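Good morning, colleagues. Please look at the sequence and the model first.

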Amino acid sequence: MKVPDVLLRPISHFASTLSKFRHLHIPPLATAHEIATSDQVLTIINTVSPMEPALEKVVPFLLPDTVYSVLQGLRDPELGFRFFVWAARRKGFRCWDSFDLIVDMLVANNGFGLYWKTLQHLKSCGDPISSDAFTVLIAGYWKLRMAEKAVDAFGRMGDFDCKPDLYTYNMILHVVVKKDVILLALAVYNMMLKLNCEPNCATFSILIDGLCKNGETQDALKLFDEMTNRGIPPNSVTYTVILSGLCQAKRADEAHILFKTMRSSGCFPDIITYNALLNGFCKLGKFNDAFMLSRSLMKDGHVLGIRGYSCLIDGMFRARRFNEAHELLQKMCEENITPDLVLYTIIIRGLCEESRVKDALKLLRVMIERGVVPDTHCYNTLIKGFCDVGLLDQARSLKLEISNNDLFPDTCTYTILICGMCRNGLVGEAREIFNEMEKVGCFPSVMTFNALIDGLCKAGELEEAHLMFYKMEIGRNPSLFLRLSQGTDRVLDSASLQTMVQRLCDSGLILKAYKILMQLADSGVLPNITTYNILINGFSKAGNVNGAFKLFKELQLKGHSPDSVTYGTLIDGLQRVNREEEAFGVFEQMIKNGCVPSSAVYKSLMTWSCRKKKISVAFSLWLKHFRSLPGREDEAIKLVEKLFEKGELDKVVQSLLELDFKLKNFDSAPYTIWLVGLCQAGKCGEALKVFLILEKYGINVSPPSCVMLIQSLCREHKLDQAMNIFYYTLEKGFMLKPRICNQLLKSLLSGRKEKHAFDLLNRMNSMGYDLDVHLHATTKFLLGDQWNTPEMENVLPG
């Protein structure tokens, strides 16, 4: 669920971050002298032309309040603009009320044309124009969300011999960060430093906010360090932004440390900071930290409130701790806190996670009755719930309901439906939804393309998937991509794009840089590493490993770095076509390139090694993975190696389990892989030892592992042990497929263990097996006449 904006301190209000520029200004009651000065200035403005020389004479008597009073008294906007530009030359006259008044004048009746005319006239007269005159112009454009005009105004300052000051830079940085053009923001920041304009706390807060929201947390931390190294103390806004970014990057421990640093430095968190951190902890399942933080919040005199409860309830639902989520909701209602749209959406998502989609739909109706109007995001949450349980027709009906409520389905709506269709094998319908999306002007995102490409790959339509990939790459403006990829300064990846943007800014072509970046953003979405991974997986599973390798090389040329999934997919693909040596070569290359193999990569290599009866190789990989984990004792691992060399299998497994239990996230998969591998290598007795140790330690052995062990025991005529494993599956509630059931029954009947066979049939019947359907004709034949005896009738249902 998207983080509710109200949980994070917004950097949306320019004034809130530029504290040194904007101060709360409440003009005192004017004295008789100030009134007289104000009247004198108004007389000069209305009667003397040009006004500037005459105004110089009254400078000693002017105050910021007087300037504001004069601006209020002027009826002619042109005269007001001219007086403001004159007053803006002196920093001592700077007043936020005056700034606000001029912004309102610009916005009203399109005063921008008149303001530019005033600036041109003053320029022709040789009058100096200060940076404040442009700061107010940029702020006016941004108030109307005319970002391109704001960037153009900033870029034209040089035409008026005007250099931006700190506040102008901060204003334009705020605009481009809000437009998600972080590359341009960083280029402007570098330009600012080159011109010896020292940044302040607001500068860093704006940039750190932009980097965090773009997922570039490491760069945001570097900027945070640069800020402190310059001797600029972070304020609560800066801390809140960086804390949110750390939580978003799943670095909760670092966020906790920084929060303590914040407090110890004398910067005390407010409710917005608390909620930001609370939200992060809950999203990451750090509930102990979250509840400790909520107690600290209340100890500091704050109230948990609807935002705090929303964070906790959302976290509980995400962790599938449904009862606790409902208890918190009950507690909140007892405190007379009324749910808002954000909380209703959280509850709807929680009910959907419980597969209670009908209850979720009822809640939507109740919510509407209570006057809370659902937005598209709320509908999307419910649509996803219906898609997840396979009720696709109802999901599509809800999409139509969005339009009926004067809302519009967005990219997320279509992406959810495409995912739902592909998951249910309805790739044709998914493609229709994709085409409909483009017709109504709703542009697909990276996730939309990825979902459809993945669906096409799984449906075996690799050629169509590849075409969709190229469509994604070319985008809606192929000429732009062609233009950028030609010539000496070619743009092929994010690094070369950043270089080009910096060069344009240094040349004063800021508007051109902005337009290129916005065109790129509007012209489509570039394939990301997930897109490449989906296609590489599709080619690998189709046996086209050469095609997968071609994509692997291409993604690196395009500036992407292969991740653990990329390498793991290639390794699996090579193993599928018996290119084992190359698979291990890719594994070594992965480590050499600094990409840490995930446990999934190790488990994949272990599985393939076991299938080839290379148990010692699988064991070595397992230990290599052990060594890569933090907090491992090397001496303990060496001892395990010695035990394996001696063949003391039971001690090896027990030692590894003891080491493994120290981890927070225990994974039983390597043990079951090894168990299956021992079965495949014909070492049934050793596999049984592993099973018994796992059972002793209370670790569930997976059904496929049980099946493999039963098959091996049957082959070696160890039928009593095979029956014990089958009884284990019955106790665990596993329902095995007919093939293994019939294999065991036939082995028992052939081994003249009819009584055991009937006992097994009886137990199967009591656990819900439909014996008439489950038993093969040959098994029934082996049962012979006994199949229709009264004894058998007691076993069979009915």
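I begin with the lining of the largest cavity, whose residues divide into nine nonpolar, one polar and three charged. In this classification Ala, Val, Leu, Ile, Met, Phe, Trp, Tyr, Cys and Pro are nonpolar, Asp, Glu, Lys and Arg are charged, and the others, Gly among them, are polar. A cavity here is a set of points, on a 1 Å grid over the protein atoms alone, where a 1.4 Å probe fits but cannot get out, and lining residues have an atom within 4 Å of a point.

Before I continue, a word on the source. This is a predicted model, in which local features need pLDDT of at least 70 and side-chain atom pairs count only at pLDDT 80 or more, while totals for chains, interfaces and linings use all residues. Residues are numbered from 1 along each chain as its sequence is written, and side-chain values use heavy atoms, with hydrogens and water left out.

How many cavities of 30 Å³ or more are there? The count comes to one. The largest cavity holds about 130 Å³ of space, where a volume is the space filled by probe spheres set on the points, and grid points are joined across faces, edges and corners. Its lining comprises 13 residues, and those nearest the centre are Phe84, Phe93, Arg94, Cys95 and Asp132. Helix H5 (77-87) and helix H6 (96-107) are the elements that give two or more residues to this lining. H6 gives the most, with three residues.

Of the 798 residues, 50% count as buried, where buried means under 20% relative accessible area, exposed over 50%, and partly exposed in between, using a 1.4 Å probe and protein chains only. Contacts, meaning heavy atoms within 4.5 Å, can also be sorted by separation along the chain. Among those with a separation of 6 or more, residues 24 or more positions apart account for 66%.

I turn next to the charged pairs. Side chains of opposite charge can pair when their charged atoms come close. The whole structure contains 33 salt bridges, each being a side-chain nitrogen of Lys or Arg within 4 Å of a carboxyl oxygen of Asp or Glu.

In one of them, Arg251 meets Glu254 at 2.8 Å, N to O. Arg251 is partly exposed at 21% relative accessibility, and Glu254 is partly exposed at 37%.

A second pair joins Glu353 and Arg320, with the closest N and O atoms 3.1 Å apart. Glu353 belongs to helix H20 (residues 341-353), whereas Arg320 sits in the loop between helix H18 (305-318) and helix H19 (322-334); the two are 33 residues apart, and the pair links distant parts of the chain. Glu353 has a relative accessible area of 28% and Arg320 one of 48%.

Which parts of the chain does the pair of Glu588 and Lys624 tie together? The side chains meet in a salt bridge of 3.6 Å, N to O. Glu588 is in helix H34 (residues 580-592) and Lys624 in helix H36 (residues 615-628), so the bridge ties together parts 36 residues apart in sequence. There is also a network of salt bridges, which links Lys283, Asp314, Arg318 and Arg349.

The largest nonpolar core has 255 residues, of which Phe83, Tyr115, Leu119, Leu137, Ile453 and Phe726 touch the most other members. Such a core is a set of buried Ala, Val, Leu, Ile, Met, Phe, Trp, Tyr and Cys residues joined through side-chain atoms within 4.5 Å. Beyond four places in sequence, Leu119 contacts residues including Val85, Ile129, Phe134 and Phe160.

Tyr514, in helix H30 (residues 510-522), is buried with a relative accessible area of 3%. Thr448 lies in helix H26 (residues 446-458) and is buried at 0% relative accessibility. Leaving aside residues up to four places away in sequence, Thr448 touches Thr411, Thr415, Ile418, Phe434 and Met437.

Conventions
1 Å grid on protein atoms, 1.4 Å probe; cavity = no way out; pocket = protein on both sides within 12 Å on 5 of 7 lines; lining within 4 Å. Helix = DSSP H or I, 4+ residues; strand = E, 2+ residues; numbered from the N terminus.
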